[in-house]
Amino acid sequence: MSQPPFELSVSRFIDAPPATVWQGMIERLPEWWCPKPWVTEVIDLDWRAGGRAALAMCGPDGERELTEGVVLEFTPGVRFVFTDALTVDWQPRDAFMIGLFEISAQGQGTRYTASARHWNEAAMKRHEEMGFVEGWTVVAEQLAALAEA
């Protein structure tokens, strides 16, 4: 399958079994979700399709960026997908992206892939300029460190 238009993606091999990586992704999300020294505050995270996904990324100087949306798909051990395009009561919002986080077995370890799909090229370019590759690569490294420990 070819990459959808307006998609940014990072991928990393993690030297741990998929079950271990998945457990870290779901149960320890605040520890890897955003690049340190930022921390993640889980406001509400209902791991089911249609569930609320509300997180705050908190910076070292008091910054607080709220992400609010819904879980679109939750397939245990495989992937979760969310968007900020809707609220849990199906109200449209100014959307930024759809986030996809997937794992699959690769040899003795796991292939982790995180992607962001955007509505248009301008939104994708803005996300690139915000440091998508650098930030999402750091996040993948943080998840790997948890899973490989």
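## Contacts and overall build

Two residues are in contact here when they have heavy atoms within 4.5 Å. With that in hand, take the contacts between residues at least 6 apart in sequence: 46% of them join residues at least 24 apart. Keep in mind that this is a predicted model.

Four helices and seven strands make up the secondary structure of the protein. Walk along the sequence and you get β-α-α-β-β-β-β-β-β-α-α. The radius of gyration is 15 Å, close to the 15 Å that the globule rule gives for 149 residues, so the protein is as compact as a globular protein of that length.

## Extent and surface

The C-alpha trace spans about 40 × 40 × 30 Å along its principal axes. As for burial, 42% of the 149 residues count as buried. The accessible surface comes to about 8,000 Å², and carbon and sulfur atoms hold 54% of that.

## The sheet

Strands of a sheet pair through backbone hydrogen bonds, in either a parallel or an antiparallel way. In this protein the pairing is antiparallel, and seven strands line up as an open sheet in the order β1-β7-β6-β5-β4-β3-β2. At the edges sit β1 (7–14) and β2 (39–45), each of which pairs on one side only. On average, neighbouring strands are turned by 25° against each other, direction ignored.

Helix α1 (residues 18–27) packs on this sheet, touching β1, β4 (64–75), β5 (79–83), β6 (98–106) and β7 (109–117). The direction of α1 makes about 155° with that of β6.

If you want a residue pair to look for, Thr40 has Met57 in β3 as its bridge partner.

## Around β5

Now for β5, which has β4 and β6 as its neighbours in the strand order. Four of its five residues are buried, so β5 is largely enclosed by the rest of the structure.

On the β4 side, five bridges hold an antiparallel pairing, and Glu73 has Val81 in β5 as its bridge partner. β4 and β5 form a hairpin with three residues between them, and Gly77 in the turn has a positive phi of about 80°. On the β6 side, the pairing is antiparallel over five bridges as well, with Phe82 standing opposite Gly99 in β6.

Terms used:
Residues numbered from 1 in each chain as written. Predicted model: local features only at pLDDT ≥ 70, side-chain atom pairs only at ≥ 80, totals over all residues. Heavy atoms only, no water. Pairing = 2+ DSSP bridges. Helix = DSSP H or I, 4+ residues; strand = E, 2+ residues; numbered from the N terminus. Axes fitted to C-alpha atoms, helices over the stretch in contact; angles between N-to-C directions. Rg over C-alpha atoms; globule rule 2.2 N^0.38 Å. Buried < 20%, exposed > 50% of the residue type's maximum accessible area, 1.4 Å probe, protein only. Areas by Shrake-Rupley, 256 points an atom, 1.4 Å probe, with all protein chains shown as cover.
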